[in-house]
Amino acid sequence: MQVHEFASPFGGDSEGEVGVLFLHGFTASPWTLRGWASATVAAGYRVAVPRLPGHGTSWRELELTDGRDWYAAAERAFLDLRAHCPVVFVAGLSMGGALALRLAEHHPDEVAGLILVNPALVGHRRLALAPLAKHLLRSTDSIGSSIRKIEVTEHSYPRTPLRAVHAMMRLWADVRARLDLVHCPILLMRSGHDDVVPAISRDIVVRQVSSEEITEVALPDSGHVAPLDHDAEQIVARSLDFLATHATHATP
């Protein structure tokens with residue numbers, strides 16, 4: 001199936017020795033992270049922004065994929081970046097945050113730190129019906145483009161496949177069960193107007209990970225897709241500060 005031009009993976013041109021893997025959210029694509037990743041390249045880091053399976057094409061393709069596919073793609077990109085860089089950080093938005101946490105669970109000695117923006121580990125109560133509803137309905141309304149900035153879109157799917165929603169819920173449960181294995185430094189940024197992921201996701205991360213350092217940043221003027229919203233510059237600035245601090249400490 002044809003991949004939309006805006007959804008193409010992004011790697012930048014940097015050959016820095018510190019790498020940053022960026023992971024996008026559910027029904028979205030690398031487009032949502034391109035500006036953030038480009039600024040990171042400009043600061044001298046090597047980056048990778050893969051397109052997760054089923055994304056950037058059609059919601060009908062997304063319903064044929066699940067958490068195993070999304071994580072496998074994230075892990076391949078991580079290991080490829082790790083082959084070039086002795087130090088690798090992982091940044092994730094929404095479901096990408098869940099995948100970032102899972103990478104830290106499975107590669108605790110290789111993930112130097114996590115940068116999480118509105119990480120998703122649970123959904124609103126209305127999602128509780130997805131496991132049953134998927135047998136009656138293929139899809140529901142779009143959950144994308146939760147952005148306060150006028151005339152900005154994340155190019156998300158117009159429909160949300162319920163089978164894939166259930167798959168994401170299973171991924172969340174798997175990640176939540178192993179959060180104690182995460183011990184790297186974390187920069188956690190949370191939007192003040194997130195109508196997609198409930199605040200309890202943040203609470204679960206803070207309460208259950210084993211990390212000794214968790215730095216929290218409020219994004220007061222943004223919706224869920226904060227890297228495309230009013231606080232985008234703050235995300236970049238705080239991320240670069242975090243990377244500069246911890247890359248030095250993590251360098252072998």
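Student: Where does Thr-57 sit, and why is it called buried?

Tutor: In this predicted model, Thr-57 is in the loop that connects β2 (46-48) with α2 (59-62). Its relative accessibility is 9%, and buried means under 20%, so Thr-57 counts as buried.

Student: What makes the Thr-57 and Glu-61 side chains a polar contact?

Tutor: The two side chains are joined at 2.4 Å, and the cut-off for the N or O atoms of such a pair is within 3.5 Å.

Student: How do you know that strand β1 is largely enclosed by the rest of the structure?

Tutor: Count the residues: six of the six in β1 (residues 18-23) are buried, so the strand is largely enclosed. Both faces are covered. Val-18, Val-20 and Phe-22 are buried on one side, and Gly-19, Leu-21 and Leu-23 are buried on the other.

Student: What makes β1 and β3 a pair of strands?

Tutor: Pairing takes at least two bridges, and six bridges join β1 to β3 (residues 87-93), with the strands running parallel. Opposite Val-20, you'll find Phe-89 of β3. The other link is to β2: three bridges, again parallel, and there Val-20 has Val-47 as its bridge partner. Between β1 and β2 the chain passes through helix α1 (residues 34-42), in a β-α-β crossover that is right-handed.

Student: Then what about the cysteines: why is Cys-85 called buried?

Tutor: Cys-85 has a relative accessibility of 1%, so it counts as buried. Cys-184, at 6%, is buried too, because the limit is under 20%.

Student: How do you know that the span of helix α6 agrees with what it should be?

Tutor: α6 (residues 162-176) has 15 residues, and at 1.5 Å a residue it should span 21 Å. The end C-alpha atoms are 21 Å apart, so the two values agree. As for burial, the buried residues of α6 include Leu-162, His-166, Met-168, Trp-172 and Val-175.

Student: How many aromatic pairs are there, and what makes Phe-26 and Trp-70 edge-to-face?

Tutor: The count is three aromatic pairs. For Phe-26 and Trp-70, the centres are 5.9 Å apart and the planes make 65°.

Student: What makes the phi of Ser-94 worth a look?

Tutor: Most residues other than glycine have a negative phi. Ser-94 isn't a glycine, yet its phi is positive, about 60°. Ser-94 is in the loop between β3 and α4 (95-106), and at 9% relative accessibility it counts as buried. Asn-118 has a positive phi as well, near 45°. Its loop lies between β4 (111-117) and α5 (130-133).

Student: Is Asn-118 buried or exposed, and how do you know?

Tutor: Buried: its relative accessible area is 0%, and the cut-off is under 20%.

Conventions
Residues are numbered from 1 along each chain as its sequence is written. This is a predicted model: local features need pLDDT of at least 70, side-chain atom pairs count only at pLDDT 80 or more; totals for chains, interfaces and linings use all residues. Side-chain values use heavy atoms; hydrogens and water are left out. Helices (H or I, at least four residues) and strands (E, at least two) are DSSP runs, numbered from the N terminus. Buried means under 20% relative accessible area, exposed over 50%, partly exposed in between (1.4 Å probe, protein chains only). A polar contact is a pair of N or O atoms within 3.5 Å; within protein, one must be able to donate a hydrogen and the other to accept it, and residues adjacent in sequence count only if both atoms are side-chain atoms. A crossover is right-handed if, with the strands pointing away from the viewer, the path from the first strand over the helix to the second runs clockwise. The expected span of a helix is 1.5 Å times one less than its number of residues. Rings of Phe, Tyr and Trp (its six-membered ring) pair if their centres lie within 6.5 Å; planes under 30 degrees apart count as stacked, over 60 as edge-to-face and the rest as tilted.
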